[in-house]
Each structure stands twice: as C-alpha cells, then as structure tokens.
Amino acid sequence: MSNFQIKKVLLDAGTSLHIQTEKILSRLPGVPVQYIEGIRSKRNNDEFGSSAPETACTQDNTFEHKPRLGKDTLHLISYKGEFLKPCPGTREYICCGYQILNVATNCPLDCSYCILQAYFNQPNLRVFVNLEEELKRVLHVIDSEPDRIFRVGTGEFTDSLAVDPITCWSDLLLPAFSKRKNVVLELKTKTTNIERLLDSKYRDRIIVSWSLNSPYIAAREEHGAASLKNRLKAARQCQSEGYILGFHFDPLISHPRWKEGYLKTLDLMDKYIDPEKIIWISIGSFRYMPGLKPIIRRRHPKTCVLNGEFIMGLDGKMRYFKPIRLDLYRFLRENLEKWHPDLGLYLCMESDDVWQKSMGWSPGNTTGLSHYLDKRVLKIFG
Amino acid sequence: MEIRKIAGATPHGVGLNNIDDSPGPCCMSFGFDLKPLILSIDTIGLINSPVLIESGQGKMTIIAGFRRVQAFKYLKRDEIPCRILLENSVSHLECILINLHDNLSTRKLNDVEKGMVLSRLSLYLPESEILEHYMPLLDLPSRRETLFLFMALESEPDVFVKESVVRGSLSLKTFKRLLKMDHESRTHVLNLLSSLKFNSNQQTQLFEYLIDLKHIHDKSLSELLGDISIKRILSDENLNMPQKAKAVLGFFRSKRFPTLADAESTFRKKVSRLGLPKGVKIVQSRFFEAPYHRLEIRFREGEDLKKKIEQLTRSDRLETLRDPWEEGG
Ligand code: SF4
C-alpha cells in the first residue's frame with residue numbers, strides 16, 4: 001500500500017469535467033479540492049522550461065525555509081505537451097535510447113539525491129488526466145514504426161507506481177502496451193504498490209523494475225521509499241506472477257563501506273530473485289546539475305550524497321571523478337556477474353572509455369547501446 | 001505616497017553651529033570618502049542644498065545632505081544654504097523618502113546604505129510594498145531573502161564586516177554565510193579573509209570546500225581553519241599574499257578532492273619525467289574526464305617540427321604515461 005497521504009487536490013481549469021479526474025477524486029474521499037483558473041493552467045506546456053523549481057531558490061540561503069515541493073498536493077492537469085519523448089541524453093556520454101512516457105511530474109517520495117528537486121518549474125504532484133486520450137497518439141507513433149523497438153518507461157519524471165493506487169494508470173497502460181510486439185513498457189519504482197499489477201491479466205511486454213541501492217543509502221537517503229527487503233519481496237511476487245523484472249543500481253553512491261553495503265543488496269537479490277527472468281540491470285553513479293547541490297544541502301542537511309569527489313563532467317553535470325566511478329562499476333559488474341553471467345548489464349550515461357575499463361566492452365555509442373538493449377527485449381519477449 | 005515637493009524651495013543660509021552634528025535618523029551614508037566632495041564644493045560651490053528640519057530650540061536636524069554639511073564644516077565655513085522644513089510639517093516616512101530620492105538622484109548607494117534604506121522603510125511600510133517598489137529602485141531583486149539579507153547587513157554590529165562588504169573584500173555571499181556561523185568560526189573566517197585578500201570567486205570556492213569538508217569530516221569551520229598547515233602557509237615569509245591565498249585554496253582543494261589531487265600530482269610527475277623536447281607540452285584533460293589529453297608543440301618551421309616529432313618518437317618513456325590511477329600509472 002501507498003505510505004504517503006494526499007492532503008489537497010488542485011484542479012486546473014477544464015480538468016473537473018474529465019473522466020479521469022472523477023475517478024481519481026472518488027479514490028480520495030474527504031480530501032479538500034481547490035479549483036485553479038487562469039495563469040497556472042496556461043503554464044502546463046512549460047513543465048520542462050526551467051532548471052529551477054519555483055519553490056526552491058538555487059542559492060544557499062539563511063532566510064528561506066525548506067522548500068516542500070508540494071509532495072502532499074495532487075495537481076490534476078490536462079497536459080498540452082508531448083507525452084512520448086526520447087530520454088534527454090547528451091552527445092558526450094552513451095545513452096540507452098529510452099523513450100519517456102510522460103504521465104506525471106514530481107514524486108511523493110523524497111530521495112535526497114532526486115534530480116527532480118531542481119528540475120521542474122512547478123511544485124506539487126502533477127498528474128496528467130488526459131493520458132487516456134493522449135495515449136492513442138502515443139500508440140499511433142509506436143504502431144507507425146513496426147520495425148523499431150520502443151523501450152518506453154514512465155519512471156523518469158516520477159516513480160511509476162507511487163501514485164498508482166490513486167491514478168490506476170496500470171489499468172490503462174498494461175493492456176495498451178501488452179498487445180504490441182514492437183514495444184516494452186517499463187514501470188520503475190521504489191515502492192511496493194504492485195496490487196494493480198497483480199490484479200491485471202496482462203504480462204507480455206511489461207517490465208517491472210526496482211531501483212536498488214546499498215541498505216545504508218536506501219535507509220538514509222531514500223525517504224518514503226520501501227525498505228530494500230520489501231522492494232525485493234514485491235519484485236519476487238511480481239516475478240512469481242509472471243512479470244519480467246529489471247533493476248537499476250542508479251545512483252550508486254560512494255559512501256563509507258560501500259562495497260560491503262552493495263554486497264548486502266546483492267545477497268538480498270540472490271535470496272529473493274531468480275536471475276533468469278531479469279531483462280536488464282542498469283548501473284549508474286550519482287550525477288547532478290550544479291544547481292541541485294544547494295537545494296539538497298537545504299532540504300536534506302544530513303545527507304551524505306554530496307560527500308564524494310565530484311567533478312564537472314563533459315555534459316556540464318557533476319559526477320564522480322573517473323577512478324571512483326570505475327571502482328563502483330567494476331565492483332558491481334564483477335559481483336553481479338558472479339551471481340549470473342547474463343543479466344543485461346549496462347551503464348547509464350557513461351563514456352566509451354569508462355565502458356571499456358569497467359565492463360570490459362563498449363557499445364561504442366548510443367546506437368550500439370540501443371541495439372544491445374533491443375536484443376535483450378527480443379531475447380526475453382521474443 | 002506623495003512626497004512633499006521640496007525641490008523648488010528657496011535655500012536659506014543656516015549657521016553650521018545650529019545643525020545637529022549627528023547623521024540624523026534619515027541618513028543613508030556609510031563608508032564614504034569626503035575628500036572629493038570637499039574639493040568639489042571648494043572649487044565650484046554647493047549645487048544641491050541640504051534639506052533640514054527644525055527640531056526645536058533653534059536646532060536643525062539633517063534630512064538629506066549629511067556629507068555636504070560635513071564638507072562645509074571641514075572647509076570651516078560659517079553657514080550653508082539649506083532648504084528648511086517646519087517642525088511637524090512632514091512625517092518621518094516622508095523624511096526618509098526625501099533622503100532616498102535625494103541620494104538616488106546623485107549617486108549609487110553601496111550595499112550597507114541599501115540595507116539602511118530598507119531597514120528604515122520597513123519601520124513604516126508593509127513588506128510587500130518594499131519588495132514591489134523599493135527593491136527595484138535600489139537595483140535589487142524583489143525577493144524576501146534579499147530584503148532580509150540587506151537588513152541584516154545594516155544591523156551587523158561589526159563595522160569591519162560592513163566596511164569589508166563595501167570595499168568588496170567580503171562578498172555578500174560570504175556575509176550571508178557569516179550570519180550562520182558560530183562566533184568562533186566567524187572569527188576564524190574573518191581573520192583569514194582579512195589577512196589574505198581573496199577575491200569574490202576565491203571566497204566562493206573557499207566556502208565550497210569548507211562547507212563540504214565540514215559535512216564530510218563532521219568538523220567545525222574553526223577546526224578546519226585552525227589546521228597546522230594553514231598556520232604554516234600564513235606564516236611562510238617566502239610567499240606573498242596572493243600566493244598564500246592560492247596555497248590556502250590549494251590545501252583545502254586537496255583535502256576535498258584527495259583522489260583527484262593525487263592523480264593530478266602523479267600525472268604531473270610522470271609528464272615531467274618524460275623529458276619532453278623544449279616547446280612540447282602535454283595538457284591533461286580537465287579532471288581526466290575527456291578520454292584524451294592534448295599534445296602541444298611549439299615550433300618555428302617544418303624542420304624544427306620534424307626534429308621535435310622525431311625526438312618524441314624516439315622517447316621510450318611515452319608508453320609509461322597512463323591513467324594515473326591505474327596500477328603503475
Ligand atoms: S523515487 Fe525517483 S522520482 Fe521519486 S523522489 Fe526518489 S529519485 Fe525522485
């Protein structure tokens with residue numbers, strides 16, 4: 001079950017007539033609803049317009065209070081932007097060629113390292129109630145390229161399942177994606193909200209993924225997320241009910257005794273998961289836009305995620321100094337491969353030389369990595 | 001609000017003895033140098049007459065023009081032409097606004113003076129009005145935190161800190177950080193900043209390191225700044241001030257980034273052992289992040305270039321240049 005509470009619902013102009021709005025409100029009895037007219041609704045196209053959120057200043061400041069980002073406020077919006085967008089990779093690093101299905105922005109969980117804290121120019125959990133209509137357009141795009149494999153995920157700008165008990169997106173998305181042969185839908189989460197998935201009869205082309213970390217980081221930095229054990233128990237349940245799993249060790253955080261910590265997580269994986277039915281495991285290290293640092297310092301004063309040796313990467317984001325990343329990746333790769341030799345391991349946003357030195361091979365570029373992951377799709381789903 | 005129109009009022013000579021010597025409750029002057037004004041008044045006379053208000057018993061209080069009155073006193077004049085407001089004819093807020101506009105029309109206010117304006121206005125006006133009307137007038141963003149920062153600067157008890165901000169040797173960002181520090185850390189920081197002239201970028205950098213190190217090692221700023229190595233740098237007679245500032249920054253950088261500092265130093269040593277021909281340089285990729293380093297060759301003509309390339313290819317040490325963190329790097 002969801003372990004957070006919605007305290008207020010905001011409705012943008014026009015959304016009150018929407019069928020999804022009605023359904024969502026019916027699942028939130030007694031929660032106050034406020035109608036918003038005018039300027040706000042005009043700004044819906046501008047979700048990705050700014051690098052700094054309205055509520056959070058980008059400077060360390062004595063006089064500001066902790067920006068709350070409206071994590072307990074559900075804002076229902078008829079989103080006018082693109083619902084399917086390629087993952088914003090950069091030229092300098094190898095990207096996985098993922099497609100983001102944009103169903104919502106922001107997240108009720110509160111991971112200290114979350115880039116969303118600095119990403120959106122609007123607070124609140126913003127849920128797009130016109131998903132059902134827009135999904136037709138998205139599926140049309142997918143259907144129009146039958147020879148291409150679309151790897152689609154909803155977990156880039158929010159947690160895929162955190163608000164599923166309220167929005168019931170899975171009821172809508174699973175049948176739509178399960179029917180198609182040139183697409184997979186990945187639902188990425190740190191929660192245990194799998195009830196609706198288990199109730200669904202659709203399994204084909206659906207990947208349920210969990211983000212994992214060391215127990216130390218999970219307990220200390222992933223506020224509001226399920227414990228590692230519970231995440232893996234939920235994963236096991238999904239696996240035993242026929243779902244294909246994915247895992248994401250991203251962001252890896254260098255912290256005291258990190259090797260021991262990540263080994264504990266691997267032990268837990270071994271205890272709960274059958275490695276045969278894993279489509280992929282991504283590995284990535286913590287990286288952030290420079291503007292996020294003061295926000296993290298202010299919102300999470302006790303965090304350890306900023307303690308590492310970060311340098312400015314070729315894409316302008318901060319990332320660990322290369323030998324530290326190499327250590328993290330090599331260690332994870334070696335130990336994951338000891339567990340099972342064919343897990344579809346890949347690095348997230350890394351350079352060719354880092355791939356070579358830590359993974360022992362490199363896809364060379366984004367196209368190469370896309371092919372590798374497409375092959376994983378074909379291998380697992382056919 | 002409508003400010004009383006005083007621009008057209010006729011100035012009257014007022015005996016300097018009759019003018020209250022204190023800056024007055026509306027004064028917005030801090031850290032000024034009187035000499036240019038004295039010279040100007042002495043050369044071409046007074047252009048803009050001060051505004052005074054009668055304060056009873058024949059005494060006058062300065063509303064605007066404190067510096068001009070001071071200049072006249074310095075020049076040992078008996079009288080100064082002033083525009084005079086009758087006692088109780090204007091509100092205190094009007095007096096503040098007269099002073100503000102008088103100042104704005106002739107000069108730029110420094111940061112402490114801006115703080116003085118905002119603090120005085122805040123006694124009479126709602127915050128929203130100050131943010132909306134007066135912050136832009138002072139060339140400041142209409143943000144609450146900026147308003148509070150400038151007011152905190154005005155009420156800062158340490159004149160040295162205020163003067164340092166006005167001189168530019170203490171950045172506003174650093175001042176904001178000082179507000180959060182305990183007394184001991186603050187004293188350490190101020191001692192360091194006053195003994196070494198860090199520019200504003202260096203101050204920002206220094207605090208980046210210090211705050212990160214404070215979190216990483218759970219140490220106070222005074223503990224960090226009290227490190228024996230810092231004391232050694234400060235007392236090193238072979239270093240001048242900018243060199244000391246650089247050395248202090250270098251020290252904290254290597255504490256903050258030990259792996260990087262180590263790699264850089266290993267790489268530098270390796271390169272120096274290569275015995276590169278004169279005019280040939282290897283430039284390390286920034287933070288070793290790009291996969292390639294750069295080779296620079298300075299040459300006069302093709303002949304010279306060929307010689308240098310040949311020398312390079314003959315070197316059997318080039319192969320030893322690897323990533324510094326790799327074994328034997
Ligand atoms: S679960 Fe993901 S989206 Fe949610 S707060 Fe954590 S990092 Fe951000």
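The secondary structure of chain A consists of 13 helices and 18 strands, where helices (H or I, at least four residues) and strands (E, at least two) are DSSP runs numbered from the N terminus. Chain B has 15 helices and 6 strands. Both chains belong to a predicted model, in which local features need pLDDT of at least 70 and side-chain atom pairs count only at pLDDT 80 or more, while totals for chains, interfaces and linings use all residues. Residues are numbered from 1 along each chain as its sequence is written, chains are lettered from A and ligands numbered from 1 in the order in which they are written, and side-chain values use heavy atoms, with hydrogens and water left out.

The radius of gyration, taken over C-alpha atoms, was set against a globule rule of 2.2 Å times the number of residues to the power 0.38. Chain B has a radius of gyration of 30 Å, whereas a compact globule of 329 residues would have one near 20 Å. Its C-alpha trace spans about 95 × 50 × 40 Å along the principal axes. Chain B is divided into domain 1 (1–107) and domain 2 (258–320), with bounds that come from an automatic or database domain assignment. The centres of domain 1 of chain B and domain 2 of chain B, taken over C-alpha atoms, are separated by 67 Å.

In chain B, 42% of the 329 residues count as buried. Contacts (heavy atoms within 4.5 Å) were examined at a separation of 6 or more. Residues 24 or more positions apart account for 78% of these in chain A and for 68% in chain B.

Accessible areas come from the Shrake-Rupley method with a 1.4 Å probe; for residues, only the protein chains shown count as cover. Chain A has an accessible surface of about 15,000 Å², 51% of which belongs to carbon and sulfur atoms. Chain B exposes about 18,300 Å², with 51% supplied by carbon and sulfur atoms.

Lys and Arg count as positive and Asp and Glu as negative, without His and the chain ends; each charge is placed at NZ of Lys, CZ of Arg, CG of Asp or CD of Glu. Chain A carries 54 positive and 45 negative charges, whose mean positions are 3 Å apart. In chain B, the centres of the 49 positive and 44 negative side chains lie 6 Å apart.

Terms used. Buried < 20%, exposed > 50% of the residue type's maximum accessible area, 1.4 Å probe, protein only.
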